[in-house]
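Reader: I've got the sequence and the model open side by side. Could you walk me through how to read a few of its features?

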Amino acid sequence: MTGTTQDDYTDRYARRVRGMTTSEIRALFAVASRPEVVSLAGGSPYIAALPLDAVGEMMGRLASELGTTSLQYGIGQGTIELRERICEVMSLSGIDASVGASPDDVVVTVGGQQGLDLVARLFLDPGDMVLAEGPTYVGALGVFQAAQAQVRHVAMDADGLVPAALEQAIVESGGRAKFLYTIPTYQNPAGVTLTDARRDEILDICGRHGLLVVEDDPYGMLSFAGEAPRPLRARRREGIIYVSTFSKTFAPGLRVGWVLAPHAVREKLVMASEANILCPSAFAQGAVTQYLSTMPWREQIKTYREVYRERRDALLDALRDLMPAGTTWTRPEGGLFVWATLPEGLDSKAMMPRAIAARVAYVPGTGFYADGTGGTNLRLNFSFPPPERIREGVRRLAGVMEQELAM
Ligand code: PMP
């Protein structure tokens, strides 16, 4: 060790990382992972619902029988076997050959997160603007911030993104907006879904203004009743980059996602990915390919849906029974999250240390906005804790809120 302090590096950082800071929330999350804390803060799938022994055997064979390829380098775009399987998965939601989806235009990524990062690398210069729902996915905000882009939030209501607000934002951006980043189905963090009619309207508006759409769809298959409205990409073949992942339908630990890009974009996307990671993990791709070809993956998605529906119900029931008057929340038809709005006068960030002391954790709403709003909101996750823990968590949270209101 040379005795160098962190400060000695400050002037050396690239401009794009100078704004990166660790938040106080991150420190609280370290405490939130203690077993006595009911965490409604995470976003983890309930992996214990997987047939882990069978997955383990499958992975053993992947090494012993297919090791010469599964432990080798691969090509930057991802294996053709997996890209074909991905097209089968997408066809279930209407993204198929009839709208031009082809394995040739799929790029396998390290989770959906790398897909978002590649899109930012391809399209964003410093100072560019991205339009996104308010609130939006915190990991996307991180990507856009690292690209030194500015995020302008567009209003959302119980039916998803508001078309008139989008049109206004496009006009006001004066041509600076590079794309709309949207999570139309079972949105993270808001838990709302863009209605069928609005999907066509949004596409119409973006089409008229020549605005590229980045559709992020990790949760579309996790519906609790019936099927989700068809993705935007199933309705239009041009002007949309579609990003998805196996993190929520299989397992996030494998870090396998994908981008379905317009044909003209795909080659640059592969080059950007090669510069970034050389190639996605051959072993992880092999595991997903084996899983999709030898295991009952559709049944597994049904299992996830059932587990999450029960937990969503437990959360909504507990909120109804226990929350102080003046609290409101969304009622998700799928996905992993409920978005709550606190009664007047409460601040979700300021309340967080007291919630942790009361052994319950959530994510304050401010993390999901680029502009510091969201102080009256919080995100609650229902996919990981079992129903009785969810109810206990809401009971503790309601207790903290009652105390704050009495102060
Ligand atoms: N997009 C959204 C909206 C998400 O919620 C997530 C994960 N929580 C991701 C992308 C990234 O997922 P992963 O990298 O695990 O595939």
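Predicted model: local features only at pLDDT ≥ 70, side-chain atom pairs only at ≥ 80, totals over all residues.

Reader: Okay, at what angle do helix α5 and helix α11 pack?

Author: Helix α5 (residues 80-91) and helix α11 (residues 282-294) pack at about 45°, and their axes are 9 Å apart. Angles under 35 degrees would count as roughly parallel and 65 to 115 as roughly perpendicular, so α5 and α11 are oblique to each other. Their crossing is left-handed.

Reader: Which residues of α5 and α11 meet there?

Author: On the α5 side you have Glu81, Leu82 and Arg85. They meet Gln285, Val288, Thr289, Leu292 and Ser293 of α11.

Reader: What else is Val288 in contact with, leaving aside its neighbours within four places in sequence?

Author: Besides Leu82, Val288 contacts Phe246, Phe250, Leu254 and Val256. Val288 also belongs to the largest nonpolar core, a set of 102 residues. Val288 and Val259 are the ones with the most contacts inside that core.

Reader: Let's switch to sheets. What is the strand order in the open sheet of four strands?

Author: Read across the sheet, the order is β11-β12-β15-β14, and the pairing is antiparallel. An edge strand pairs on one side only, and here those are β11 (328-329) and β14 (363-364). Now look at strand β12 (residues 337-341) and strand β15 (residues 377-381): five bridges link them in the antiparallel sense.

Reader: Where do I find a cis peptide bond?

Author: One joins Gly134 and Pro135, with omega at about 5°. Pro135 sits in the loop between β3 (129-133) and α7 (138-146). Another cis bond links Asn188 to Pro189, where omega is about 15°. Pro189 is in the loop between β7 and α9.

Reader: And which residues have a positive phi without being glycine?

Author: Tyr186 is one of them, with phi at about 50°. Tyr186 is in the loop between β7 and α9. Arg255 is another, with phi near 55°, and Arg255 lies in the loop between β9 (240-245) and β10 (257-260).

Reader: Where is Ile183, and what does Ile183 touch?

Author: Ile183 is in the loop between β7 (177-182) and α9 (196-209). Ile183 counts as buried because it has 29 C-beta neighbours inside 10 Å. Leaving out residues up to four places away in sequence, Ile183 touches Glu133, Tyr137, Asn188 and Asp216.

Reader: How far is Ile183 from Thr193?

Author: They are ten residues apart in sequence, and the C-alpha to C-alpha distance is 8.4 Å.

How values were computed:
Residues numbered from 1 in each chain as written. Helix = DSSP H or I, 4+ residues; strand = E, 2+ residues; numbered from the N terminus. Buried ≥ 20, exposed ≤ 12 C-beta atoms within 10 Å, placed from the backbone. Contact = placed C-beta atoms within 7 Å. Core = buried A, V, L, I, M, F, W, Y, C linked by C-beta atoms within 7 Å. Pairing = 2+ DSSP bridges. Axes fitted to C-alpha atoms, helices over the stretch in contact; angles between N-to-C directions. Parallel < 35°, antiparallel > 145°, perpendicular 65-115°, else oblique. Left-handed = near helix turned anticlockwise from the far one by under 90°.
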